[in-house]
Amino acid sequence: MGGFCSSEKMAGVFSYESSEIDWCEDNYKQSEHIVEYFNTISSFFFFIISPIMLYLLHPYAKERNLAIHMVWTMMIFVGLFSAYFHMTLSFLGQMLDELSILWVLAMVYVVWFPRRLFPSFIKDRSTFSNLVLVITIVSTLSSFVKPTANAYVLNCFGIHMVYMLAVEMKCCTDQKALRLCKVSVALWVLAVSCWISDRFGCSFWQSLNFCYLHGIWHILIVIAVAYGTTLIAYLDASYEIPYSLPVLQYWPCDRWAVGIPHIVLKGTTKTQKRC
């Protein structure tokens with residue numbers, strides 16, 4: 001009997017609507033096989049931005065550290081798991097969605113957290129990376145204790161990254177970088193506002209017959225991450241590989257000052273050991 005109950009419980013995590021979370025969008029409105037249609041479709045925006053960012057950041061990653069590519073490779077999985085979660089609203093989908101975001105944040109800390117902001121007891125990036133790994137594993141295991149709290153914890157990490165970016169920008173005089181910072185923060189605030197409004201103001205939006213704010217969050221947050229990580233990468237390149245003379249540009253046309261930001265290395269590259 002115990003084995004049967006365990007199997008039944010295991011099967012339950014795969015079941016449609018087994019998650020405690022249900023977003024504002026009407027369920028099964030567009031398809032009998034997709035619980036939240038727009039939230040599912042909007043998740044595929046990750047599959048558009050991620051490959052572009054992998055391509056645009058390659059010259060910088062090749063010179064600095066190819067591990068940087070892991071950030072946007074993992075973002076593809078964030079989009080995949082997000083689509084699966086909103087398609088099924090299953091408990092498994094929820095956990096995969098949230099934990100994939102946690103590990104992306106961990107990777108951002110590992111590859112880009114400034115050395116001068118390391119705690120005093122940490123002397124190199126390898127030790128810092130091991131610390132981040134331990135914290136991430138503990139956070140992964142503890143996320144199963146109270147799954148509904150995971151999203152709020154992840155947003156707290158986002159707030160810390162915005163704070164870290166603000167600290168870094170205090171000494172920056174590059175007008176293009178300052179503008180990119182303002183746009184990145186504005187996009188992040190707008191995205192979080194959509195998330196909060198969808199979560200806590202659903203009845204209001206239902207009265208307006210507009211229940212798509214969580215899907216808009218997907219689109220805004222992936223653009224905010226593209227802008228924010230490019231800015232962080234630019235600051236990192238300026239400090240760690242200054243000989244490369246990094247410059248911010250926009251794709252597909254820099255003259256527009258809109259589009260997807262990326263780094264162009266104007267200086268002569270050279271091989272050297274990096275932390």
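A pocket here is, on a 1 Å grid over the protein atoms alone, an open set of points where a 1.4 Å probe fits, with protein on both sides within 12 Å along at least five of seven lines, and lining residues have an atom within 4 Å of a point. The space in this largest pocket comes to about 220 Å³, a volume being the space filled by probe spheres set on grid points that are joined across faces, edges and corners. The model is a predicted one, in which local features need pLDDT of at least 70 and side-chain atom pairs count only at pLDDT 80 or more, while totals for chains, interfaces and linings use all residues. Residues are numbered from 1 along each chain as its sequence is written, and side-chain values use heavy atoms, with hydrogens and water left out.

Helix 6 (91-112), helix 7 (125-142) and helix 8 (150-169) each supply at least two residues of the lining of the largest pocket, and helix 7 gives the largest share, six residues. Helices (H or I, at least four residues) and strands (E, at least two) are DSSP runs, numbered from the N terminus. By class, this lining holds 11 nonpolar, three polar and no charged residues, where Ala, Val, Leu, Ile, Met, Phe, Trp, Tyr, Cys and Pro count as nonpolar, Asp, Glu, Lys and Arg as charged, and the others, Gly among them, as polar.

The second largest pocket, with a volume of about 170 Å³, also draws at least two lining residues from each of helix 6, helix 7 and helix 8. Here helix 8 gives the most, with four residues. The lining includes Glu98, Lys146, Asn150 and Phe157, and its classes come to six nonpolar, four polar and two charged residues.

Turning to the aromatic rings, a search of the whole structure finds 13 aromatic pairs, a pair being rings of Phe, Tyr and Trp (its six-membered ring) whose centres lie within 6.5 Å, with planes under 30 degrees apart counted as stacked, over 60 as edge-to-face and the rest as tilted. The ring centres of Phe38 and Tyr212 are 5.3 Å apart and their planes stand at 70°, so this pair is edge-to-face. Because Phe38 lies in helix 2 (residues 37-42) and Tyr212 in the loop between helix 10 (202-207) and helix 11 (213-240), the pair ties together parts that are 174 residues apart in sequence. Tyr212 forms a further edge-to-face pair with Phe210, at 5.6 Å centre to centre and 90° between the planes. Ring pairs link Phe38, Phe204, Trp205, Phe210 and Tyr212 into a cluster.

Relative accessible area (1.4 Å probe, protein chains only) is called buried under 20%, exposed over 50% and partly exposed in between. Phe38, at 29%, is partly exposed, as are Tyr212, at 25%, and Phe210, at 33%.

Arg116 lies over the face of Tyr239, at 3.8 Å from the ring centre, and Arg199 over the face of Trp23, at 5.1 Å.

As a whole, the chain has 11 helices and two strands. Its radius of gyration, taken over C-alpha atoms, is 20 Å, close to the 19 Å that the globule rule gives for 275 residues, so the chain is as compact as a globular protein of that length; the rule is 2.2 Å times the number of residues to the power 0.38. Of the 275 residues, 46% count as buried.

Technical notes:
A charge sits over a ring if NZ of Lys or CZ of Arg is within 6 Å of the ring centre and within 35 degrees of the ring normal.
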